[in-house]
Amino acid sequence: MLESSSTRTLARGCAVLALVVAGTTGCDSGGSGPAAAKSTTLKLITGVKSDPFYITMACAAQEQAKKRGVKLTVDGSAQWDVAVQRPIVDSVAATRPDGLLISPVDTAALTPSLAQLQSAGTKVVLVDTTVSDSSIGVSRISSDNEAGGRTAAKALAGLMGDKGSAIVISVKPGVSTTDARIKGFTEEMKTGHPAITLLPVLYDNDLPATAASQIQATLAAHPDLGGVFAGNTNTAQGVATGLQAAGRQGKVKVAAFDAEPDEVTALKSGTLDILVAQDPAGIGAQGVDQAIAAIEKKEVSAQIGTTMVAITKANMDDPAVSKYIYKEAC
Amino acid sequence: MSTHVPGEADRAAAPAPLRPGRTLPGWVRRIAAMNETWTFGVLVLLVAFFTAARPDTFLTRYDITQIATNAAIYLVLGVGMTFVIIVAGIDLSVGSVLVLSAVLSAEYTIHHGGAGSGWGTVAVSTLIALVTGVVWGGLQGWLVAKAKVPPLIVTLGGFGAALGLAQIITGGQDPTGAVSGELQHSIGFGKLFGQIPWLVVIAFATTVVFGLVLAFTRFGRYTYAIGSNPEAARRVGIDVDRHLVKIYALTGLLSGLGSVMWLAYFGTTSIAGHSSDNLKVITAVVLGGASLFGGRGSVLGTVIGVFIPAVLTTGLIIMDVQQYWQDVAIGIVLVAAVYLDQFRRRGRERG
């Protein structure tokens, strides 16, 4: 982490420089970018500007753009709100970029703006989230959530020693991403780890206090409980508190999604045992590649699912794994 | 009344059921006439049911202290809400005020030692949380009493504004190092005499103190008087406006206390985790026999009202009931408990 931060600072400085003096070659770090693409302009609009997931995605996209020798600028909405994101999209449309990478915060409301952009010649790539109209976007890149659920199940079963009971405590039913994660988790547990008893899914409605009492009641009913798969950070926090109050922290393993800085702190302190990290960097870099391919009229993959990685206390210092930890700044 | 009210005659003609016989001793009748007795009966029934269904688990492995710990914070919020509902008000802002208090006290902790800070920091950050609650609650009380804005609107605005401020301060992310480890280990997970969790002790003390205040002091009598008839209260010389400000400030104070307990137990501000605290707490108060139209309610009732949903959810999980059925069961019990209370009230008011 430390040694690469100086190169990142350099990269950021270069990106700023590239913006000021478009076409300068002074920052070329020996990338394989074709000289013809120098004038190509890309734009990235993320979901929430301050979210480490999107910051990581934006950093990687910027790095990749520099490597490929194209100009990329990043913007994002302040909140997860289509009323905030739409004006940004409209102002970007006015600048007519060659390519647009966007994480739409609504599945329908942005469709007219994006269709207009597309008909004006901009290649649209949907990163992380999508819109329901399938005619929008030359490529859609997001995490393979079912695979992520399977990754979580494998890692959790490993820490549980393939025995005992496991439970999923999720936020609420009917959310496509978390439902897919639970599906993958359940399938993997049933087929790959039949010795583990999977209890019925509980939902805490994003309330840590509910998760805390749910986990304690579950512990009472199933003293052999060995693993919990928590839907999000709030749930994981509630589960951890409940386990600590019951004196079972460390004995019951907790897996959670994402690898935001506070979750990494929780992993270090032993509150969480497994983080299943998405690959926002991969999404951002591939988004840039796909946009360039579309602009150069080369072959484009319509759908890309990125993998997820299980981070544990044991492997978190391995550079191959630690690169998946989300960043708060480039 | 010259007009015929449909149903009135039928009800009067029907035999009055469940009325205690005249032969029962006076203290039995008095207890049976208490609002709390009936809801307490529902709670006892639930406990008996789960104990019978899972004798090796309910109230043994999963014991009363665990239920009480998980209910402690809602109990503290519920005590404040009881006062507000008795004066025919409502406070939708409790969860957000809790978050704002937690965030402001966390900001102090972060800049004064973070997770490794000592008791000095704990004392100041606790004070910050309590003062934030009192100031915010007092401001809302002033708007209700002096500016005559309906409490539903004032506290709905307060609900959004307090949460918004908390998000502005933190950028929407729960800050790390928000709580002193000392506070977490001693209050959050510590136990008095190694037996009773401190959270439960704090909630119990708050409940007893304010239960006595409501039942036996002038402050309490004024609260009931204003709730029953604010105009009459004003005419007998009660400073109604000032009393209202005090009551909303009290709810704020208890939200601040709740935030300290939250930080101690969960170790984080959980900005996104309090959106439905208000409904949970209001449900508990109403379940405990308080009237949303004011003038009626008690702290003891609220205690029972907090415990009924708590026992129900944990009991159903212990019985491995699917979550969707849990929600159905909780809905039915809530409505049934309030119906039973209304049914009995009607009977009493008739005879």
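Me: Why does Asp241(B) count as buried?
Reply: Asp241(B) has a relative accessibility of 17%. Buried means under 20% relative accessible area, exposed over 50%, and partly exposed in between (1.4 Å probe, protein chains only).

Me: What should I know about the model before going on?
Reply: This is a predicted model, where local features need pLDDT of at least 70 and side-chain atom pairs count only at pLDDT 80 or more, while totals for chains, interfaces and linings use all residues. Residues are numbered from 1 along each chain as its sequence is written, chains are lettered from A and ligands numbered from 1 in the order in which they are written, and side-chain values use heavy atoms, with hydrogens and water left out.

Me: What makes the contact of Asp241(B) and Arg234(B) a salt bridge?
Reply: Their side chains come to 3.7 Å, N to O. A salt bridge needs a side-chain nitrogen of Lys or Arg within 4 Å of a carboxyl oxygen of Asp or Glu, so this pair qualifies. Arg234(B) is partly exposed, because its relative accessibility is 38%. Both residues also belong to a network of salt bridges that includes Lys146(B), Lys148(B), Glu231(B) and Arg235(B).

Me: How many salt bridges does the rule give over all chains?
Reply: The count comes to 11. One of them joins Lys298(A) to Glu296(A), with the closest N and O atoms 3.0 Å apart. Lys298(A) is exposed, because its relative accessible area is 54%, whereas Glu296(A), at 28%, is partly exposed.

Me: Why are Lys183(A) and Glu187(A) about one helical turn apart?
Reply: They are separated by about one helical turn because they sit four residues apart in helix 6 (residues 176-192) of chain A. Helices here are DSSP runs of H or I with at least four residues, strands are E runs with at least two, and both are numbered from the N terminus. Lys183(A) and Glu187(A) also form a salt bridge, their closest N and O atoms being 3.8 Å apart. Lys183(A) is partly exposed at 44% relative accessibility, and Glu187(A) is partly exposed too, at 34%.

Me: How do you know that Cys59(A) and Cys330(A) form a disulfide?
Reply: Their sulfur atoms are 1.9 Å apart. A disulfide is a pair of cysteine sulfur atoms within 2.5 Å, so this pair meets the rule. The count over all chains is one.

Me: What parts of the chain does the pair link?
Reply: Distant ones: Cys59(A) is in helix 2 (residues 52-68) of chain A, and Cys330(A) is in the segment after helix 11 (319-322) of chain A, 271 residues apart. Cys59(A) is buried, because its relative accessibility is 4%, while Cys330(A), at 27%, is partly exposed. The link is left-handed, with -100 degrees about the S-S bond.

Me: How do you know that strand 5 and strand 12 of chain A pair?
Reply: Strand 5 (residues 139-143) and strand 12 share four bridges in the parallel sense. Pairing asks DSSP to find at least two bridges between two strands, so the four bridges are enough. Ser142(A) stands opposite Gly305(A) in strand 12.

Me: Why is Phe216(B) called exposed?
Reply: Phe216(B) has 64% relative accessibility, which is over the 50% cut-off, so the label holds. Phe216(B) lies in helix 9 (residues 198-216) of chain B.
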